[in-house]
Amino acid sequence: MTTTSAPIKRAIVQKLRASPALVAAIAGGIHEGIAPRKIRYPFIVYQLVAAPYSYTWSSVILSPMFDVWVYAENPVDANNIDALINSALAEAALGVEEQATMLCRRVADLPTGPDIDSEGKRIYQVGGTYSIWTEQPGS
Amino acid sequence: MTLESLAELIFQAATEALGTGAKLVEAGAKRHAPVRSVFAGTPQPHIEGHEQEDEDDPSTRYAIYNDYMRPINIGETMSKRTALVKAGRPPQWDTTSQNEHAPVWWRQRRLGHLQSMRSSGLVEPKRNIIDEPMKDMLSKRGAYEVRSMRAAWSTWGHVHIGGRLRGEIYSLSPSINGHRAEAWVISPTPYAKFQEFGTRHNVAHPFLRPAAEESREEVVGLIRAAVSEAARTSGSKAAIEIVVRI
């Protein structure tokens, strides 16, 4: 039975949490999709963009793409944490359940401008897209 | 045939196939694009999977546009819009008991208007929207968006209600720059990037990148087939190694 991209999400979060410098830098934690309204900055948000499956004769290759964003109150924090995320995930050997990681790399920076949050604070959103390829035995 | 002319022929075929591939991506992006439902009876929130959506029916959109929007100029100021809306309200609007809920007469007026338009041949619904009114009634949110003009957008003089993001996805014809061909699928809607990437307040609903990823194999296949066909029909016996990157 083919497993989905859910174990890959878990593996990404585990990999981010395994970096002490990163954990110390993010006061607001790691969230999927969107962070709660009242939460401390900075924090990380990740989101699955697409996860196409490729079936070969003997295996299934998942090639999901994830956006990983940092939201911070100043651009320096945002860029520093983004660099920490990149160093944690670039060419990382993710421990994905029932899948072998073939590739994990950043494929794009995501350009966005500063935003104003619900409390009127200026916040900075910096991030990148990560492409991950995993392989698992086909059914 | 010289090698240069053969290469030119193959490149031209590949470029045409790239244009076809861009249209595939455009269709995929339109399928993925989130559309806020303005009609009652459709699921909320509406992210993807538009099977139950009635906004695809252009006659419904035009009917609602004619019902609500015709007296109002998009360039008017908000106060003038309000005045025009008030001027157009029917006498049964009880101004002493205005509340946040949509008045019942909106539905009656809209259905009556649709009925008259259909009987006069101005509107030809794809299905019987008069007998199935619920799915074609504006939701409370939809009514607000129609009245406040937020749901209205226009292309080449045609005004539509809702579905702006999906309606403004275009594939451009392939452009050739030296030995490189590019085909772009664009979404020029101002808030498209907020949907694609998300914001502090809104979760991302990616629609362009998933479409590109899903179509990748198909586009490569199209280009590969076009190149093979061009090489075959040119009468060349040259062995060609083709590498396609998208």
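User: I'm looking at chain A and want to start with its contacts. What share of the contacts with a separation of 6 or more comes from residues 24 or more positions apart?

Analyst: Keep in mind that this is a predicted model. In chain A, residues 24 or more positions apart account for 62% of the contacts with a separation of 6 or more.

User: How do I read a nonpolar core, and how many residues are in the largest one here?

Analyst: The general idea first: in soluble globular proteins, nonpolar side chains tend to be buried together. Here, the largest nonpolar core has 32 residues, and A:I44, A:V70, A:I81 and A:I85 have the most contacts inside it. The elements of chain A that give two or more residues to this core are α1 (6–17), β2 (43–50), β5 (65–72), α3 (75–89) and β8 (122–137). The biggest giver is β5(A), with seven residues.

User: Let me zoom in on one of those. What is A:I85 in contact with, leaving aside its neighbours within four places in sequence?

Analyst: The partners of A:I85 are then A:L16, A:L22, A:I44, A:V68 and A:V70. There's also another core apart from the largest one: that other core has 22 residues, among them B:L18, B:A22, B:L208 and B:A230.

User: What kind of peptide bond joins A:Y41 and A:P42?

Analyst: That one is a cis peptide bond, with omega about -5°. To find it, go to the loop between β1 (30–32) and β2 of chain A, where A:P42 sits.

User: What about backbone angles? Which residue has a positive phi of about 55°?

Analyst: That's A:E91, and A:E91 is not a glycine. A:E91 lies in the loop between α3 and β6 (100–110) of chain A. A:E98 also belongs to the loop between α3 and β6, and phi of A:E98 is positive too, near 65°.

User: On to helix pairs. At what angle do α1(A) and α3(A) pack?

Analyst: Two packed helices are described by the angle between their axes and the distance between the axes. For α1(A) and α3(A), the angle is about 115° and the axes are 9 Å apart. Their crossing is right-handed. Where they meet, α1(A) brings A:I12, A:K15 and A:L16, and α3(A) brings A:I85, A:A88 and A:L89. By class, the contact has five nonpolar, no polar and one charged residue.

User: And in chain B, how do α1(B) and α8(B) cross?

Analyst: The axes of helix α1 (residues 3–32) and α8(B) come within 8 Å and cross at roughly 155°. Angles over 145 degrees count as roughly antiparallel, and α1(B) and α8(B) are therefore roughly antiparallel to each other. The crossing is right-handed. By class, their contact has 20 nonpolar, five polar and four charged residues.

User: Last one: how many residues of chain B are in contact with chain A?

Analyst: Twelve residues of chain B are in contact with 16 residues of chain A. Helix α8 (residues 208–233) of chain B gives the largest share of the chain B side, four residues. By class, that side of chain B has five nonpolar, three polar and four charged residues.

How values were computed:
Residues numbered from 1 in each chain as written. Chains lettered and ligands numbered in written order. Predicted model: local features only at pLDDT ≥ 70, side-chain atom pairs only at ≥ 80, totals over all residues. Contact = placed C-beta atoms within 7 Å. Nonpolar A, V, L, I, M, F, W, Y, C, P; charged D, E, K, R; others polar. Core = buried A, V, L, I, M, F, W, Y, C linked by C-beta atoms within 7 Å. Buried ≥ 20, exposed ≤ 12 C-beta atoms within 10 Å, placed from the backbone. Axes fitted to C-alpha atoms, helices over the stretch in contact; angles between N-to-C directions. Parallel < 35°, antiparallel > 145°, perpendicular 65-115°, else oblique. Left-handed = near helix turned anticlockwise from the far one by under 90°.
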